[in-house]
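Let's take a look at a cavity, its lining and the ligand that goes with it. Here is the structure to keep beside you as you read.

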Amino acid sequence: MTAPTTPTTTRRDPEVLSALAAEGARELGADASADDVAAWAARTFPGSLAVACSMQDAVVPAVVARHAPGVDVLFLDTGYHFAETHGTRDRVAAELDVRVVDVRPTLSVTQQDIRYGPRLHERDPAACCRMRKVDPLRAALGGYECWVTGVRREEGPTRADTPLVQWDQQFGLVKVNPLAAWTVDELVGYAAEHQVPVNLLLSDGYPSIGCEPCTRRVEPGADPRSGRWAGFAKTECGLHPS
Ligand code: SF4
């Protein structure tokens with residue numbers, strides 16, 4: 001399935017949505033479980049909820065689907081993913097009670113190469129990420145009131161203060177991060193216990209998986225995100241500004 005997405009409700013005003021985010025943060029407190037956070041999002045935004053998934057693992061779609069069966073799962077299909085990532089996407093579509101939506105950039109990789117020159121990711125990864133990730137996600141989120149991410153605080157300094165519920169100023173909707181407090185061991189344990197699809201590269205030296213040209217293996221024990229955009233100061237693609 002490909003974008004455009006088909007949320008079933010009309011988006012409420014930003015003032016209403018940001019007030020709901022503040023109310024949810026108060027109601028849930030700092031220590032709510034992932035299930036409690038997902039349940040709050042499902043009952044507050046029925047039909048207008050989306051889950052973003054990089055297909056590194058499908059834990060956050062699995063958690064949300066327990067409370068919002070058939071929820072839309074947005075996969076940013078940049079044109080540069082590993083075969084293993086597409087394999088995970090296909091397993092998620094087949095095995096979870098979700099609707100996977102492939103969100104694609106305006107330009108194909110070939111069209112981008114013609115317009116901006118080949119391998120833009122080697123020269124200007126910020127521009128490449130903007131065209132292939134940020135702008136397509138912004139367009140896809142346009143009809144939803146809330147998006148759910150798998151961002152975890154321990155993933156790095158830029159994510160250390162991630163709240164469970166927040167107002168997303170960049171995209172203009174509520175952002176929910178049910179796994180914010182989870183460790184990687186909790187994530188792996190949940191996936192094993194609930195037989196949730198995980199990307200095969202995770203057990204092959206890739207603790208953080210993005211586009212193939214911008215992702216390298218890392219040494220055991222190294223910063224999990226140090227294999228992303230190696231050689232650049234860049235550590236985030238722009239979807240989750242700190
Ligand atoms: Fe482009 Fe690399 Fe960003 Fe993927 S991760 S969109 S290839 S710069």
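## The cavity and its lining

Helix α7 gives the largest share of the lining of the largest cavity, with 5 residues. (Helices here are DSSP runs of H or I of at least four residues, numbered from the N terminus.) A cavity, by the way, is a set of points on a 1 Å grid over the protein atoms alone where a 1.4 Å probe fits but cannot get out, and lining residues have an atom within 4 Å of a point.

This is a predicted model, so to speak of local features takes pLDDT of at least 70 and side-chain atom pairs count only at pLDDT 80 or more, while totals for chains, interfaces and linings use all residues. Residues are numbered from 1 along each chain as its sequence is written, and side-chain values use heavy atoms, with hydrogens and water left out.

In total, 14 residues line the largest cavity, and Cys128, Cys129, Lys133, Cys211 and Cys214 lie nearest its centre.

## The ligand

What takes up the space of the largest cavity? That space is taken by the ligand, where sitting in a cavity means that more than half of a molecule's atoms lie within 2 Å of its grid points.

Around the ligand there are 10 residues, and Tyr80, Cys128, Cys129, Cys211 and Cys214 come nearest (near means a heavy atom within 4 Å). Helix α7, residues 125-141, again has the largest share, with 5 residues of this shell.

## The cysteines

The structure has 0 disulfides, a disulfide being a pair of cysteine sulfur atoms within 2.5 Å. Cys129 counts as buried because its relative accessible area is 7%, and Cys211 is buried too, at 10%. Buried means under 20% relative accessible area, exposed over 50% and partly exposed in between, using a 1.4 Å probe and protein chains only.

Notes: On a 1 Å grid over the protein atoms alone, a cavity is a set of points where a 1.4 Å probe fits but cannot get out, and a pocket is an open set with protein on both sides within 12 Å along at least five of seven lines; lining residues have an atom within 4 Å of a point. Helices (H or I, at least four residues) and strands (E, at least two) are DSSP runs, numbered from the N terminus.
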